[in-house]
Amino acid sequence: MRSLETAVPPTVMVQTEVRDVFKSQPGLTRLGQRLVSAAFDSSGIDTRYTAVEELTVDDRRENPVFFDGSTQQILNPGTKARNEVYAEAGTDLFVTAARQALDAAEGVGPEDITHVVTVSCTGFFNPGPDYKIVRALGLRPSAQRYHLGFMGCYAAFPALRSAAAYCAADPNAVVLVVSAELCSLHVRSSNDPDTIVGTSLFADGAAAAVISAREDLPAPAGSYLTLDYFETTLTPVGEDSMAWNIGDEGFEMVLGNYVPHIIDDHIVGALEPLLARDESLRGVDYPEIEHWGIHPGGRSILDKVQARLGLSDGQLEPARQTLRAYGNMSSATVMFVLKNILSAPSEPGAERVCSMAFGPGLTVETALLTKVTA
């Protein structure tokens, strides 16, 4: 991984302010109000970012679509209106993250990119983000393009795994992986507990990486990651506990409160095939692996992972810090966590990174990486 960059839209949502807005919506029952307070206050989030500029308490625009600042009422636009914002703002976010990653990849120019892999589950348009990136960055028209759509929070790993496969098949491959999610497009007021949990967690963000095995490229400055092994598994239960569906008024998230318990019960089994790929890790206690890049699907998920694996507060800090500052940005979030791990000071040498993300199915994607510091 020759570069890893992240990007967020400029509009900030302060968690306490968003909580108070959702708590005051008409039609919310007393139980709904209590659920909103409990979900937001226990989320472990301080701030989130949104591509919807009107989702701030101070917005007073005429003809609002998502939020009427004068009445503090959350509006309910149709799926078409939401997706139109995705096509415009999502393109900006995809291109921004991609450009940053390309600029940060020493020795790599637009003409070097052979493959583009884009990831998103929060909207659709075609020609899609893969096409927009090729045009905006001046990549070769012959660059192979792939889009992983509607997979959910774990989708960064299939994208990275496919990039590694392209590089293994072609030593000259240079792959640009870009994930961008605009989850805030689909917020709504509701008394449904699953919907309330989603509104307390999800946010917008993007991440991009340049990946290559070309030996003629200069060594990346500072620290970088090597992509060693990937594994996928499905838990035997939980198919109905996490889902992502298209409704008439945006996309509808199902995020049951039993998800952390399912992860708690099955995380050890999900890690077994990954760690078995490296003989040096067989029999090693989990805390002996230096870094853990856990997708912060929510605070309770991180609590369960930490307790089950016996990890230290420091090993969970990259995930908790990402959740605290950015919320859950679906597939892009684990890339933010890996960026946090990369940015932390390290002694020269190699340190192992075990990373994982969870999504509909219930799917558990895992990756074994190495942080190399010159």
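Helix axes are here lines fitted to C-alpha atoms over the stretch in contact, and the angle between two of them runs from 0 to 180 degrees between N-to-C directions. The exercises below apply this to a predicted model.

**Exercise 1. Describe how helix α2 packs against helix α6, and state which residues of each helix meet.**

Step 1. Two packed helices are described by the angle between their axes and the distance between the axes. For α2 and α6 (residues 193-201), the axes come within 9 Å and cross at roughly 40°.

Step 2. The hand of this crossing of α2 and α6 is right-handed.

Step 3. On the α2 side the contact consists of Gly32, Leu35, Val36, Ala39 and Phe40, which meet Pro193, Ile196, Val197, Thr199 and Ser200 of α6.

Step 4. Sorted by class, the contact of α2 with α6 holds seven nonpolar and three polar residues, with no charged residues.

**Exercise 2. Decide whether α1 runs roughly parallel or roughly antiparallel to α2, and describe the contact between these helices.**

Step 1. Helix α1 (residues 15-23) packs on helix α2 (residues 30-41) at an angle of about 170°, and their axes are 9 Å apart.

Step 2. Angles over 145 degrees count as roughly antiparallel, and α1 is therefore roughly antiparallel to α2.

Step 3. The crossing of α1 and α2 is right-handed, and the contact is formed by Gln15, Val18, Arg19, Phe22 and Lys23 of α1 together with Gln33, Val36, Ser37, Phe40 and Asp41 of α2.

Step 4. By class, this contact of α1 with α2 comprises four nonpolar, three polar and three charged residues.

**Exercise 3. Locate Cys153, decide whether cysteine 153 is buried or exposed, and list what cysteine 153 touches.**

Step 1. An unreviewed UniProt entry places the feature "active site" at Cys153, and the same record's annotation "domain: Chalcone/stilbene synthase N-terminal" covers residues 4-213.

Step 2. Over residues 4-213 the chain is 38% helix and 22% strand, with the end C-alpha atoms 15 Å apart.

Step 3. Cysteine 153 sits in the loop between β7 (144-149) and α5 (156-169).

Step 4. Because the relative accessible area of cysteine 153 is 7% and buried means under 20%, cysteine 153 is buried.

Step 5. When residues up to four places away in sequence are not counted, cysteine 153 touches Phe202, His295, Asn328, Ser330, Ser331, Ala357, Phe358 and Pro360.

**Exercise 4. State how many residues of helix α10 are buried, and name them.**

Step 1. Helix α10 (residues 333-343) is mostly covered, with nine of its eleven residues buried.

Step 2. The buried residues of α10 are Thr333, Val334, Met335, Phe336, Val337, Leu338, Asn340, Ile341 and Leu342.

Key
Residues numbered from 1 in each chain as written. Predicted model: local features only at pLDDT ≥ 70, side-chain atom pairs only at ≥ 80, totals over all residues. Heavy atoms only, no water. UniProt positions renumbered as here; feature names shortened; annotations may be inferred. Helix = DSSP H or I, 4+ residues; strand = E, 2+ residues; numbered from the N terminus. Buried < 20%, exposed > 50% of the residue type's maximum accessible area, 1.4 Å probe, protein only. Contact = heavy atoms within 4.5 Å. Parallel < 35°, antiparallel > 145°, perpendicular 65-115°, else oblique. Left-handed = near helix turned anticlockwise from the far one by under 90°. Nonpolar A, V, L, I, M, F, W, Y, C, P; charged D, E, K, R; others polar.
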